[in-house]
Amino acid sequence: MTTRLVSSSKQAVRELKDYLLIAIGMVLYGIGWTVFLLPNEITVGGLPGIASIVYWGTGIPVQYVYTSVNTILLILSVKILGWKFSVKTIFAVFTLSFFLVFIQQLLDGVTIIKNEPFMSCILGATLCGGGIGIAFSVNGSSGGTDIVAAIINKYRDISLGRIIMFINMTIVTCSYFVLKDWGQVVYGYVTLYVCSFVIDQIVNSSRQSVQFFIISKKYEEIGREINALHRGVTIIDATGLYTGNEQKIMFVLAKSRQSNTIFRIINDIDPNAFVSQSAVIGVFGEGFDHLKVGKSKALKESKTTK
């Protein structure tokens with residue numbers, strides 16, 4: 001009973017930290033968007049980009065469009081990504097919506113950086129990308145195209161930042177029909193690139209896959225929990241050279257975004273476990289990438305071998 005209470009308290013503290021990080025991420029995103037990008041008519045892309053275009057064209061406050069469209073996407077998110085991801089996304093959406101109202105009222109008609117669109121572009125994109133990256137790192141999202149990117153990333157091993165960048169290209173291009181200035185569109189493209197780069201750096205998507213070697217007496221319990229993440233666990237029989245004791249080693253391949261979850265599982269079950277994690281250049285097979293060798297090339301190599 002005591003162990004369960006301790007585990008429950010750890011889980012509660014962990015969830016609280018996750019929501020706190022999401023809130024911080026949304027504040028950073030809100031500052032980048034409304035303080036640096038929106039006043040300088042630079043499109044941020046995604047649903048905020050659509051809200052910005054509507055705002056420039058009609059004067060409708062960005063939070064109205066952002067919240068209403070996100071409601072539809074959140075329903076889709078619940079069905080595909082599950083409640084755990086969606087609840088955090090709902091929290092992020094309403095946190096950002098509340099902050100947007102506050103910051104727009106506070107800085108009504110005020111432009112912090114004037115006549116420096118490139119500097120505004122870099123600062124705004126960095127803050128926006130950092131905010132989204134922080135939210136993604138704890139399985140949260142700011143909604144909009146983040147939800148679409150998370151759905152694609154669930155089934156395809158593609159960088160989150162790259163998915164978001166490709167989806168947003170069309171939205172940024174469409175801003176020309178309102179702004180009538182290709183220079184501003186170019187700044188929008190720069191914003192997308194910087195934002196996607198910062199996202200990738202934070203969520204470490206440059207290392208899409210990782211491998212674990214885990215030594216623990218509670219290997220069966222740890223293995224079952226890792227299996228629940230839809231990741232395979234291979235048990236290897238080993239013998240310590242110095243002690244001569246037989247032991248079990250778990251070999252696990254996982255997506256990099258699952259690293260924190262796996263570490264949490266190990267720490268909750270056996271804090272004294274020996275764990276080795278390393279980046280993997282490429283993993284091919286079910287649940288990972290497909291072999292990227294063309295049929296003609298493979299056939300030539302096969303004939304050469306024969």
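**Reading helices and loops**

Mentor: The buried residues of H11 pack against strand E1 (209-215), helix H10 (219-227), strand E3 (246-255) and strand E4 (274-280). Contact means heavy atoms within 4.5 Å. Helices (H or I, at least four residues) and strands (E, at least two) are DSSP runs, numbered from the N terminus. The model is predicted, so local features need pLDDT of at least 70 and side-chain atom pairs count only at pLDDT 80 or more, whereas totals for chains, interfaces and linings use all residues. Residues are numbered from 1 along each chain as its sequence is written, and side-chain values use heavy atoms, with hydrogens and water left out.

Trainee: Which residues of helix H11 are buried?

Mentor: Buried means under 20% relative accessible area, exposed over 50%, and partly exposed in between (1.4 Å probe, protein chains only). In helix H11 (residues 259-269), the buried residues are Ser259, Ile262, Ile265, Ile266 and Ile269.

Trainee: Why do the buried residues of H11 line one face of the helix?

Mentor: An α-helix has 3.6 residues a turn, so residues three or four places apart point the same way. Seen down the axis of H11, the buried residues fall within an arc of 125° (taken from the directions from the helix axis to the C-beta atoms), so they line one face of the helix.

Trainee: How are two packed helices described?

Mentor: They are described by the angle between their axes and the distance between the axes. Here, the axes of helix H2 (residues 46-58) and helix H3 (residues 62-81) come within 8 Å and cross at roughly 140°. Axes are lines fitted to C-alpha atoms, for helices over the stretch in contact, and angles run from 0 to 180 degrees between N-to-C directions. H2 and H3 are therefore oblique to each other; angles under 35 degrees count as roughly parallel, over 145 as roughly antiparallel, 65 to 115 as roughly perpendicular and the rest as oblique.

Trainee: Which residues of H2 and H3 meet?

Mentor: On the H2 side they are Leu47, Pro48, Ala51, Ser52, Val54 and Tyr55, and on the H3 side Val62, Val65, Tyr66, Val69 and Asn70.

Trainee: Is Lys180 buried or exposed?

Mentor: Lys180 counts as exposed because its relative accessibility is 56%. Lys180 lies in the loop between helix H8 (176-179) and helix H9 (182-203), and has a positive phi of about 55° although it is not a glycine.

Trainee: Where is His230 found?

Mentor: His230 is in the loop between H10 and strand E2 (233-239). Its relative accessibility is 71%, so His230 counts as exposed.
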